[in-house]
Amino acid sequence: MAEATPRKRSNHWKRLDSVQDADSLRQESINAKHEHLITEIETSDGPLATTLRAVYDDDELGKFMDLLVGKIKSHDKEIERMCNYHYQGFIDSVRELLQVSTDAAHLRGEIDATNTALQVSCEPLLHRGDHLIRCRHVQKNIASAIEQLSLCLPVLEMYGKLQDQMKEKRFYPALKTLEQLEHTYLPRVSSHWFSQTMAEAIPQLRNRIKEASMSDLKDFLENIRKHSAKIGEVAMGHAAEQNNMDPSIARKREKKKKRAPAPPNPFTGEREDDSDDENKSPALAEHHSVDEEELSAQDLIDFSPVYRCLHIYTVLSDREHFETYYRKQRRKQARLSLQPPPNMHESIENYKKYFHDIVGFFVVEDHILSTTQGLVNRAYMDELWETSVSKIVSVLRTNSAQSKESSMMLEIKKLLVLFCHTLKGYGFSVGHLLELLLELRDQYSDTLTRQWVGVFNGIFAEDNYTPIYIECEAEFIAVTTQFPFHDEELQQAPFPKRFPFSEFVPNIYNQVKEYINACLKFSADLHLSHTEIDDMIRKSTNLLLTRTLSGCLTSLIKRPNLSLLQLIQISINMNYLEKSCTHLEDYISSITGAEKDSVHASRLQGISMFKDARSEAEEYIYKKLNNKIDEFLDIASYNWTMMDKVSHPSGYLMDLIAFLQSIFMSFTNLPAMATLVPEKVAKTACMSACKHIAGSLMGFLQDNSVTAMTMQALEQFSLDVKQCEEFAESSPVPGIEEGILKLAFADLRQLLHLFLTKDWSSYLADFGNAQAKYVRVKPQVAASIMEKLSNSEKKKGKVFSSLSKNDRDKKKLQEDVLKKLRGLMNGQMATGMQS
């Protein structure tokens, strides 16, 4: 038991010792870490941010500070010990230094005495030396001045020469002198103040040269703008001669003697005689005694200002600025050239000025393109031309549309063709302008068409609308040469003779040919094929016939003052104008050179147009005849309540029939050649007249304003209808089938016969039968007339209070028939509603 207890105690202390060892180890680790950080702080020459961060990141900042304080105190003790150790040596060094100071003062006194003795002995020598130095300086300055003057005199002479050249405005030689002065002479005298002044003046001199050359260029541009039209005129005149056109189109100028210009230097652009003429106008140069027509448009201009300015700017390394300025100014001038003169459409001279100005501009630009390297290029020219073409087309389209005369349009076309030839000769594309020519061709045709409206109306106003009457062979030949008409019977007939048509037929035919000739004039110099010209003329002629002449004929036919015979003559004239269309087609083929049977040749539409005009004239004949009939019928005055019988027809109707007989007789009196057309017209007119008369007479019976009617009045009316039937049976127009005209009055005849014979039993019994005797009598018409007869009887009954038995029976019959007629009417209405 005694040994067990100590063992337990031993184990407990071992456990405590192990705990204490761990704490001590941890403390030692922290102390070692702090020692290391302090060492880092002491030995480090760089930044201490990392070390200090490690100190503050640790939780033992207080212990670190204690350790740091202890370290500082240790170093302070070390310093103190070192100072105590070396103090005696420092005292000894101070004593030795004081001894050296005494020796130095003694040495300084000896040196001052020696220096004073030396200064006294050397004073004469120094005086001689100073004098020698001054003489040597003077000698050196003289030599240097001679040397510098030999260097400066050429520079000053060159600068003087430069000033003289600037005063004389010889800018290109001045520019060469300026280059020599800057690069050769001034570097030799760079040390002198005046060289700096000259060097600073060189940019100003260059700018003066640039400004002076630019001033010459501006003068050139201003003058070239003024004379651009003259240049274009000469260029267009030469183009006209080359293309076998009339040079007067371009307003040929008077010949003048001028001096040909000297050719420019290919490198500098200067002419050999520039020194004598530099102050003269740069636009129009003086020429040798040469005929102006032998000079090209470019030879009339002195381009030396352009070449000179271009070369100067190139030498001054500012060519791009010059090119930009030149192109910008020329673009502005191009816009001015493209502006049309005021009221350009009023005069052909305005068109000439416009074309001359444009041609002059592009002739100048083309010459600049060919004689300079890159001042203008082909892309720039093409762009400028394309922009100009669109403007030219717009201007010409607008102004030509305002031209009202075909002669003006023709002159515009000639000018435009010459304009195209001129610019095409300089390499410009004129496709859009040629397309514009086709548009102008259509405008020209429209203008001609408007002019021909007055021509046609004048012919119609002067015509007498009677067949042409001739008395001799010369008159016959005059008509047949104007109009293609051939008839053996008329040719063999004795004089005097009559043509079937009136004067306006040959006149219209000749004016259509004149129109064709006028259209052909526009096709000249357009380089179109025969087929294209033929198609163009046929198209224009068709428009003339179908639109212009057709409209004029329609207006003519609608004139209210035309008589029936005149309308008939117009219808006859249409027939011969229709036949003349084949001759017009042959004429077009002959003047255009196109094959008549070519597949491309279109037919003239005049044949159908004249047929339509003839039909319209015939319609107006029928309408005019019916209006004349209405004039006779308007004076008809029937006494529907008459009580006395009349044995003769109405006077107005006899006058109407006499008028109709004279009208239809006139058809038979026409010349033999003209009867083919009027025969059909007469038949139709006669049938139309009979139907119109019958309808008007039926309207008299059905007039609602007539409320009473007597049988005597119906008998009188029947006499009038009988006269109409007799006229219809008399064959007023030969060739009408027998009985056809009388059918127009069949409705009236059956109606009147029914009332006059009082055959009501047959009418009522056979009503609705297609073979009935009174099939044309409508119950509504019969009932209306019966009511009017009944009203008449009622009025008669009021006058005579007592009626006879016959009158009473008659009245009763009328009432009975009227009742049945109304029944038939109601039955028809019911049948119509069911259907």
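1. Start at Q333. Leaving aside residues up to four places away in sequence, Q333 touches L221, E222, I224, R225 and F361. Q333 sits in helix α9, which covers residues 319–338. Its relative accessibility is 10%, so Q333 counts as buried. Keep in mind that this is a predicted model.

2. Confidence comes next. The average pLDDT of the protein is 78, and 86% of the residues score at least 70. Residues 252–293 fall below 50 in pLDDT, yet this stretch has 88 contacts in the model beyond near neighbours in sequence. Residues 671–676 also stay under 50, with 15 contacts beyond four places in sequence. Where pLDDT is low, the predicted coordinates should not be read in detail.

3. Now the overall make-up. The protein has 835 residues, and 40% of them count as buried. Its secondary structure comes to 26 helices and 4 strands. Take the contacts with a separation of 6 or more: 78% of them join residues 24 or more positions apart. The protein exposes about 47200 Å², and carbon and sulfur atoms supply 53% of that area.

4. Helix α8 deserves a look. Helix α8 runs over residues 304–315 and has 12 residues. From first C-alpha to last it reaches 16 Å, close to the 16 Å expected at 1.5 Å a residue. Is α8 enclosed or open? Of its 12 residues, 9 are buried, so α8 is largely enclosed by the rest of the structure. The buried residues are S304, P305, V306, Y307, R308, C309, L310, I312 and Y313. Just after α8, S317 takes a positive phi of about 60°.

5. L300 is found in the loop between β2 (290–291) and α8. Its relative accessibility is 5%, so L300 counts as buried. L300 and K230 are 70 residues apart along the chain, and their C-alpha atoms are separated by 9.4 Å.

6. Which residues make a nonpolar surface patch of about 310 Å²? They are F90, V94 and L98. L98 is found in helix α3, which spans residues 61–167. With 58% relative accessibility, L98 counts as exposed, because the cut-off for exposed is over 50%.

7. The structure holds 23 salt bridges. One of them pairs the side chains of R378 and D382, at 3.8 Å from N to O. These two residues are 4 apart in helix α11 (residues 378–401), so about one helical turn separates R378 and D382. R378 is partly exposed at 34% relative accessibility. D382 is partly exposed as well, at 34%.

8. R441 and D442 form another salt bridge between their side chains, at 3.9 Å from N to O. D442 has 35% and counts as partly exposed.

9. A further salt bridge joins the side chains of E631 and K628, at 3.2 Å from N to O. Both lie in helix α19 (residues 606–634), 3 residues apart, so they are separated by about one helical turn. E631 is partly exposed at 46% relative accessibility. K628 is partly exposed, with a relative accessible area of 31%.

Definitions and conventions
Residues are numbered from 1 along each chain as its sequence is written. This is a predicted model: local features need pLDDT of at least 70, side-chain atom pairs count only at pLDDT 80 or more; totals for chains, interfaces and linings use all residues. Side-chain values use heavy atoms; hydrogens and water are left out. The expected span of a helix is 1.5 Å times one less than its number of residues. Buried means under 20% relative accessible area, exposed over 50%, partly exposed in between (1.4 Å probe, protein chains only). Patches are made of residues with over 30% relative accessible area and no salt bridge: like charges are joined within 9 Å, nonpolar side chains (Val, Leu, Ile, Met, Phe, Trp, Tyr) within 5 Å. Accessible areas come from the Shrake-Rupley method with a 1.4 Å probe; for residues, only the protein chains shown count as cover. A salt bridge is a side-chain nitrogen of Lys or Arg within 4 Å of a carboxyl oxygen of Asp or Glu. pLDDT is the predictor's confidence in each residue, from 0 to 100. Contact means heavy atoms within 4.5 Å.
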